[in-house]
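Please keep the sequence and the structure in view while reading.

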Amino acid sequence: MSILEIVILLPLLAALAVCLGAPARLVSVGSAMVNLGLMLGAATKFKAVAGELAFTSSRVVLDNPSINFAVGMDGTSLILGLLTALVTLAAVWQIADDRPPIYHTASQLIAAGAFGAFLCTDLFFLYAFHELALIPTFLMIALHGRADEAARKAVAWKATLYLGAGSLVLLAGLGWLVLEYSGGQKLTFDLNALRAMAATNPLPAEKQGIIFFVLLLGFGTLVSLFPLHSWAAPAYATAPVPVAMLHAGVLKKFGLYGLIQIALPLLPQGPHVPWVQKALLLMLLGNILVVGFVTIAQKSLDRILGNSSVMHMGYIFLGIAAGTELALRGAVLLMFAHGVSIALLFALAGRLRNQLGTLELAKLGGLASHAPVFAILFAFGAFASIGLPGLANFAGEVLVFLGAFGAEGGTTFGPLQWTVVLALWGVVMSAVYMLRAYRDIFQGSATTGLFMNDPSLFQRLPLILLAAALLIAGCCPWLLLDLLKTAPVP
Amino acid sequence: MSVFAVEIFLVLLGVGLLCLEALLPSVTRRAIAALSLGGTALALVLFAFADTSAAALPAFVQPFHQLDSLALFYKGFALVATLAVLWLTVENRGYLERHCPEGRHGEMFSLPPLVCAGMMWMASAKDLMTVFVCLELVTVSFYVLVAFARKSSLVLEAGVKYLILGALSTGVLVYGIAWTYGVTDSMSFDGISAALADPETPRRGALLGAAFLLAGLGFKVAAAPFHIWVPDVYQGAPLPVTTFLSVGSKAAGFVVLSRVVAAFTAAESLIRTEITTLLLIAGAATILLGSLPALFQTSVKRLLAYSSISHAGYLLLALAAAPTARHDLSSAGVTAFYLGTYLPMTVLGFLVLSVLRQNGVGDDLRDLAGLGRRQPFLALAATLGFASLAGLPLTAGFMGKLLVFLGLVDHAAWAALTCAVIGAAAGFYYYLRPVLAMYSGSPATAEPIKLSTATRAVLFALVAAIIVIGVYPRSLQAPLKSAGTTAVHASH
C-alpha cells in the first residue's frame, strides 16, 4: 500500500468516524497532523527524477475501458499535497469547540477530495475526488453560511450551478482527450499512458487548441477565471471559515493543477494556438485588472479577500499561458503561496467577525493596539498577498513575470509581453486594497468602541504555522522549487 | 438443477401462496409474507448454484430458451428486485392494511414471484411469441398490483390509467409482432435478423413492424412519447408496486428491447440506420421530458417518477450506441450495466420514502425538513442514493452514465449527447433539492424516527452496493462481459 493511499484514505476515515460519533476535534485534528507528518516524510524521501513518479501504486477497477485506482506524485503534486495537509490542519484546528461536528466531517471530506485530486494519476479518480470535495462545500455554505437562510441558499445554488456546469464542460473535455489519444483502441484514463501517447503521437495543433480551450473553460470555471468568476467572491464571503480556507486555499487549485498536469503535457501546443492564446490572455487580464478594480471598490474585508483571491488566479494563468519552465515553476510556487496566504487571511477574518460581528472597513479601526499579535499575523497574510519580498508569493510572482516576459527566447514583444506589462499593474492594485484594509482595520484610533483581544497561544498555533510556511517558502523558495525538477515541461 | 427448475419453482411458489391465501383463511399474513420472502430468497440461492449450461435444460424447452450471460444477468436481477419489493411490502404493511378491503393483502406476496418467473423467462426468450406471453404474465400481474389498495381513490385512478394504457400498448405490440412476422416470415430473433439481412425483404413493411414493436415496448419502459402515464401511476400505486414498476417492469422491457434491437440492427440489417436513429431520438426526448418537468416537482414520489423516465432515456441511448472495439460491453451489456446501477439507488429512494411514510412523514419536499437531525443514518443513506441518481462520481450512477456517454461519443451522436448532458445537469439540481431539504430547516416534530435492525441492514446493503459499484465497477461488469457478444451472435 502506497503512503499516498493512506494520505487519501485517512481523512475519509476521519470523516466517517466523526459522522458515527467519535470525538470530532480529537479525531479531526489528529488525522490532519498525521497527514501533515506523512506528507513531510514523503517530501524528505522524494527524489526528483525526470519523467518518473514517486510512491506509485495501481489497482485495477475496470478492465476496459481501463480505469485504475492509481496514485503517484511528482514535484507539483507533492507541493500541492503539502499545501493541502498544511491548510487542512490549520482549518480544522481553528474550528471552535461549540461548532457542530459536521464542520469537521465536511472539512475532512474536502481534504480527502483535494488529496485524491492531487495524488491520483488516473483521470477518472482525479476528477471524481474533486467532485467529492465539492458536495460538502455546497452543503456547508447552504446550511452553515454566514447570512440569512435565503441569501446563503442563493449563494450556494449559484456556486453549485457554476461549478456543476464547469465540471460537466471539464468532463466533456477530458472525455474528448481520452478518446483522441486512445485512438480507436482500448480506452485508458491513466495519465502516464496518455502522456506517453501524446509524446509519440501528438494531435494536430489546431485540434489541440480546441480541446485546450474546452479544458480551459472547464478548469477555468473551477478556478474562477474571468468572466466565469462571479460565483467565487460571494461564496467565500458566505462560506463557514474552514470551508472558505479549504476551498480558496486548496480545492480551487485543482483547476490550475489540471491545466498544468493534464492540459499542458497532453496538449503542448494548445495554449500557443493564436486564438486560444489571445482568449486566455484576455481572460487572465480580466482577472487581474477588472477584478482588481472591483476589489478596490469593496467596502468589507470578506469581499476584499474573496475578490482578491479571484484576482490572484490571473498571475497563475499567466504562468500557464507562458508555458516556459521558469513560468510554470513560478506558477506552482504561487499556487502554494496563495493557498497558504489566503487561508491565513480567511482564518483571521473569521475570527474578526466572530469577535466584532462586522467586517465593514468603515466600522473597524485601531485594533492593533489591543491585539498586536493578531495584527502581525494579518500583516503576514496581507503583505504576502501583495507580493512583498521575503514572503512566498513574491518568489512565485517574480518567476511568473520573468518566465512569461522571456518566453519565445525573449526576443519578441508580442501579446504575452504586453500582458505581462499590464499584469504588473495588478501588484499595485493589490497594494492599494490590502494596505488600505490594513490601515482601516488596525491603525488609527478605535473610535467605534469595538474591542478585541489577541488569540490565546493555543489558538495562535495554526495561524503561526501558516505564517511560518509563508516566511520559509519566501526566504528559501528553493526548498520547493528543487522539488519541481520533474515538473512537466512542454 | 437447471435454471428452468428455479423458474418452475417460483411459479409453484406464487400459485401455492395464492391457493393458501384463498383456501385457508386461518393462515396469517405474517406466515404468507415469510413464505414468500423465504421462497424467493431460496430461489435466489438455488439460482446461484444452478447449472447454467443450456444442455441442462429439459429438451422441450431448449428451442425456446437461451442462457447467455445477458439472460443470466437479468434473471439474477429479477430475483434481487423481487426480493427488494417483497421487503418493501413488509415495510408498507401498515399502509396496505389501511387501504385494502378488510386489510387483506396476501396477494401482494403471491403475485411478485409470478412476475419474477415471467421476467426470468423473458430474459431467455428467443422468439417474439415467448416474449409476448411472458410480457403479458408480467403486465397482467401488474394490473392487479397497481390497483390493489383500492380503498384509496389515487390508487384507483392509477389502476385504471395503467390498465387502459397497458392494454393499448399490448395491442400495439401484437400489431407490431404480426407485421414483423408477416414481413420476415419468422418469430425467432435469429430468423428475423436473417430475413432483414436479405435485400429481398420488403423494407417498408419491416420498418412499420419495427416501429409498432418499439412503440409497444416504449410503453412498458416509459419512453417518450409514451411516458405520460408514469407520474400519475407511480404516485398513485402503493410504494412497493411503484418500485416494482420502476425497476422490474423497466428491466423486463429493456431485456426484450435489447433482444429486439439486436435483431433489428444486426450488421447487415436493412433497417439498421433507421432503428438506431429512432432510438437516439426517443432516448434524447425521454431524457428531456423526464428531467425538465422534474425540476418543478415538490412531491418526492413524483420526482422519482420523472427520474425513472429520464433514466429510461439513458437506457435507450445505451441501446442505440452499438458495440465497438474499445468496450468490453456491447450496447445490450451497457444497458444491463446501467440497470444494475439503477436497481440499488431506486430501491433505496423508495425504501426511504416507505420508512418516512410509516412514521407519518409525507413525501413533500417540505416534509423532509430536519430529517438529518431526526434520523441521521436514514438521511445519509438517502443522500448517497440521490447522489448516485444524480450521477456523482464514485457512486454507481456515475459509472452507468459514463459508459452511456462514452458510447455516444464513439458514435458521434452529438445531438443526443447534448440532451443527455442537459438531463444530467438538470439532475444535479433536482436530486440535490431533497438532500438540501433534509439537512436544513427544523423538523415539525423532534421525535426521532426508529429504524428496525432489518431495515438498517437493508439500507446498509443498498448503500454498500452503490459505493462498491461506483468505486469498483468491475464487480458489476464482470458477469456481463460476454453478454454483448453473445447477444449479437445470437442474432446472426
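Leu301(A) counts as buried, because 24 C-beta neighbours lie inside 10 Å and a residue is classed as buried at 20 or more. The model discussed here is a predicted one. The points below begin with this residue and then turn to other parts of chain A and to chain B.

- Leu301(A) belongs to helix H13 of chain A, which covers residues 301-322.
- Apart from neighbours within four places in sequence, Leu301(A) is in contact with Ala349(A), Leu352(A), Leu359(A), Leu361(A), Ala437(A) and Ile441(A).
- Leu301(A) and Tyr433(A) are 132 residues apart in sequence, while their C-alpha atoms are 9.8 Å apart in space.

**Helix H10 of chain A and Leu246**

- Helix H10 of chain A (residues 241-251) contains Leu246(A).
- H10(A) is mostly covered, as eleven of its eleven residues are buried.
- Among these buried residues are Pro242(A), His247(A) and Gly249(A).
- Leu246(A) itself counts as buried because it has 33 C-beta neighbours inside 10 Å.
- With neighbours within four places in sequence set aside, the contacts of Leu246(A) are Val87(A), Thr88(A), Ala91(A), Ser107(A), Ile110(A), Ala111(A) and Leu251(A).
- Lys158(A) is 88 residues from Leu246(A) along the chain, and the two C-alpha atoms are separated by 19 Å.

**Pairs of packed helices in chain A**

- Helix H3 (residues 75-93) and helix H18 (residues 457-475) of chain A pack with their axes 8 Å apart, at an angle of about 155 degrees.
- H3(A) and H18(A) are therefore roughly antiparallel to each other, since angles over 145 degrees fall into that class.
- The crossing in which H3(A) passes H18(A) is left-handed.
- On the H3(A) side, the contact is made by Leu86(A), Leu89(A), Ala90(A) and Trp93(A), and on the H18(A) side by Leu461(A), Pro462(A), Leu465(A), Leu466(A) and Ala469(A).
- The residues in this contact of H3(A) with H18(A) comprise nine nonpolar, no polar and no charged.
- A second pair consists of helix H5 (residues 123-144) and helix H6 (residues 149-182) of chain A, whose axes come within 9 Å and cross at roughly 175 degrees.
- This angle makes H5(A) roughly antiparallel to H6(A).
- Residues of H5(A) that meet H6(A) include Leu123(A), Tyr127(A) and Glu131(A), and their counterparts in H6(A) include Arg152(A), Lys153(A) and Val155(A).
- By class, the contact of H5(A) with H6(A) has 13 nonpolar, two polar and three charged residues.

**A hairpin in chain A**

- Strands E1 and E2 of chain A form a hairpin, with four residues between them.
- E1(A), residues 54-62, pairs with E2(A) in the antiparallel sense over six bridges.
- Within this pairing, Ala54(A) stands opposite Met73(A), and Ser57(A) stands opposite Val71(A).
- E2(A), residues 67-73, is mostly covered, with six of its seven residues buried.

**Backbone features in loops**

Most residues other than glycine have a negative phi, and most peptide bonds are trans. The following residues depart from these patterns.

- Phe226(A) and Pro227(A) are joined by a cis peptide bond, with omega about 0 degrees, and Pro227(A) lies in the loop between helix H8 (205-222) and helix H9 (232-238) of chain A.
- Ser224(A), found in the loop between H8 and H9 of chain A, has a positive phi near 60 degrees.
- Ser224(A) is buried because 30 other C-beta atoms lie within 10 Å.
- In chain B, the peptide bond from Ala224(B) to Pro225(B) is cis, with omega near 0 degrees, and Pro225(B) is in the loop between helix H9 (203-221) and helix H10 (229-236) of chain B.
- Ala412(B), in the loop between H17 and H18 of chain B, has a positive phi of about 55 degrees.
- Ala412(B) counts as exposed because it has 9 C-beta neighbours inside 10 Å.

**Contact between the two chains**

- In the contact between chains A and B, 22 residues of chain B touch 24 residues of chain A.
- Helices H17 (396-410), H18 (414-439) and H20 (474-477) of chain B each supply at least two residues to the side of chain B that touches chain A.
- H18(B) gives the largest share of that side, with six residues.
- The residues on that side of chain B divide into 16 nonpolar, three polar and three charged.

How values were computed
Residues numbered from 1 in each chain as written. Chains lettered and ligands numbered in written order. Predicted model: local features only at pLDDT ≥ 70, side-chain atom pairs only at ≥ 80, totals over all residues. Axes fitted to C-alpha atoms, helices over the stretch in contact; angles between N-to-C directions. Parallel < 35°, antiparallel > 145°, perpendicular 65-115°, else oblique. Left-handed = near helix turned anticlockwise from the far one by under 90°. Contact = placed C-beta atoms within 7 Å. Nonpolar A, V, L, I, M, F, W, Y, C, P; charged D, E, K, R; others polar. Buried ≥ 20, exposed ≤ 12 C-beta atoms within 10 Å, placed from the backbone. Pairing = 2+ DSSP bridges.
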